[in-house]
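Please examine the sequence and the structure shown below.

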Amino acid sequence: CSTANTALGQKLNEGKTKQIFELVDEPGLVLVQSKDQITAGNAVRKDQMEGKAAIANKTTSCVFKLLQEAGINTAFKKLHSDTAFIAAHCEMIPIEWVCRRIATGSFLKRNPGVKEGFRFSPLKMEMFFKDDANNDPQWSEEQLLEAKFTLAGLSIGQCEVDVMNRSTVAIFEILEKAWATQNCTLVDMKIEFGVNVRTQEIVLADVIDNDSWRLWPAGDRSQQKDKQVYRDLKEVTPEAMQMVKRNFEWVSERVQLLLEPQASGRVVVLMGSTSDMAHCEKIRKACTSFGIPCILRVTSAHKGPDETLRIKAQYEGDGTPTVFVAVAGRSNGLGPVMSGNTAYPVINCPPITPDWGAQDVWSSLRMPSGLGCSTILSPEAAAQFAAQIFGLTNHVVWCKLRASMLNTWVSLKLADQKLQACTI
């Protein structure tokens, strides 16, 4: 859709590289309009770069789509035009969260003696207060807490700071994993959070584009593709600006590839009887949430071993990486027979009944030598384990797992905060 049929309200904000307008017909949403301007050193250096708005908008939209599909809570709603997107209206927390994997740039100036290339494991987190007049000073967590910010009715206290801290690490790790598929090292990045004015939730907001990170193809600084190239220019010539633009275009083309899984895979659930269907449907539902195709089949290794092995051969024969899940009550012959006859992973997920369950489970736990199947009783956990296997080679699945970890942690944190508020 074009800007023509979107009624823009008042301009809410204008930064160095974008403008934000309220949408008359869609309260709670805003239009984020990029500009063809590139700046460095708090706009000490600034230039027009024709086409930058479209490049930045494409980059940030792809990045937010990747994060949202993984399960990260963001302000992004949808692409609006070549140079604008629609987002939830947020009151911005005036902090830049910087996450570093490799020591370079300003970190080296602030920490003399640290050599460029020092690798942070775990990641190094830093905060900078957004204050152009004072060159965005570095802040400690204590300074942020003492500032006692209240935005959109939400007070920024320890819980909120912890959530943003954890979220920054998860967001970095997801994008790092995605860029690794293009043989690019995500060196460091900055992000900002806002409070959604409607829901009072803290969400990833602003933009993430080629101004937001350092990106080194093959881990080689001399090949850097990010805004640092512009910062490093001795003088700004038309030729130099063309080179900067080519780098930005390279990133916006590659970033689309990050949305595509690198490898395919599937889960094949074998059940001994259709009486186990409800159990198997839980496995399928959980697999689907990780974006993994899941096929259900009925076969009994006790009553029809030849048919079980024929089904196994069918899925081995097309070359698609497969994890088999064996769902068999009473005496589980399915898992052991499959495990003894395939090189693919096999997970036992027996439906445990109240009467004989404690005895039946031994047929899944005690295996003859040479068999390597695992046993996981929860259908959702069996699907998660299969996802972790695929996540080794499929960054899209890995990113969903990583975001799920974050969301579980955040929900516990918020539940604890709510409980404390009730008991105080």
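**A helix and its surroundings**

The buried residues of helix H7 are covered by elements that include strand E17 (266-271), strand E18 (294-298), strand E19 (322-327) and helix H12 (379-391). This is a predicted model, in which local features need pLDDT of at least 70 and side-chain atom pairs count only at pLDDT 80 or more, while totals for chains, interfaces and linings use all residues. Residues are numbered from 1 along each chain as its sequence is written, and side-chain values use heavy atoms, with hydrogens and water left out. Helices (H or I, at least four residues) and strands (E, at least two) are DSSP runs, numbered from the N terminus.

Helix H7 (residues 277-289) consists of 13 residues and reaches 18 Å from its first C-alpha to its last, close to the 18 Å expected at 1.5 Å a residue. That expected span is 1.5 Å times one less than the number of residues. Which residues of H7 are buried? They are His-279, Cys-280, Ile-283, Ala-286 and Cys-287. These residues cover an arc of only 120 degrees around the axis, which puts them on the same side of H7; the arc is that of the directions from the helix axis to the C-beta atoms. On the other side of H7, Ala-278, Lys-285 and Thr-288 are exposed. Here buried means under 20% relative accessible area, exposed means over 50%, and partly exposed lies in between (1.4 Å probe, protein chains only). Just after H7, Gly-291 takes a positive phi of about 80 degrees.

Another region contains an open sheet of five strands in the order E1-E2-E3-E7-E6, with antiparallel pairing. Strand E1 (8-14) and strand E6 (76-81) stand at the edges, each with a single partner strand, so one side of each has no neighbour in the sheet. Two strands pair if DSSP finds at least two bridges between them. Strand E2 (residues 18-23) and strand E3 (residues 29-34) run antiparallel and are joined by five bridges; Glu-22 has Val-30 in E3 as its bridge partner. Helix H1 (residues 52-70) lies across E3, E6 and strand E7 (84-88), running at about 150 degrees to E6. For such angles, axes are lines fitted to C-alpha atoms, for helices over the stretch in contact, and angles run from 0 to 180 degrees between N-to-C directions.

The interior can be described through nonpolar cores, each a set of buried Ala, Val, Leu, Ile, Met, Phe, Trp, Tyr and Cys residues joined through side-chain atoms within 4.5 Å. The largest has 63 residues, and those that touch the most other members are Leu-67, Trp-97, Ile-156, Leu-175, Phe-193, Ile-208 and Trp-213. Helix H4 (residues 158-180) gives the most to this core, with twelve residues. Leaving aside neighbours within four places in sequence, Trp-213 is in contact (heavy atoms within 4.5 Å) with residues including Thr-59, Leu-175 and Val-251. A second, separate core of 24 residues includes Val-269, Ile-376, Ala-382 and Val-397.

Some backbone details also deserve attention. The peptide bond from Ser-121 to Pro-122 is cis, with omega near 5 degrees, and Pro-122 has its place in strand E10 (residues 119-129). Asn-135, in the loop between E10 and strand E11 (138-139), has a positive phi near 60 degrees although it is not glycine.

Finally, the protein chain comes to 13 helices and 21 strands. Buried residues make up 49% of its 424 residues.
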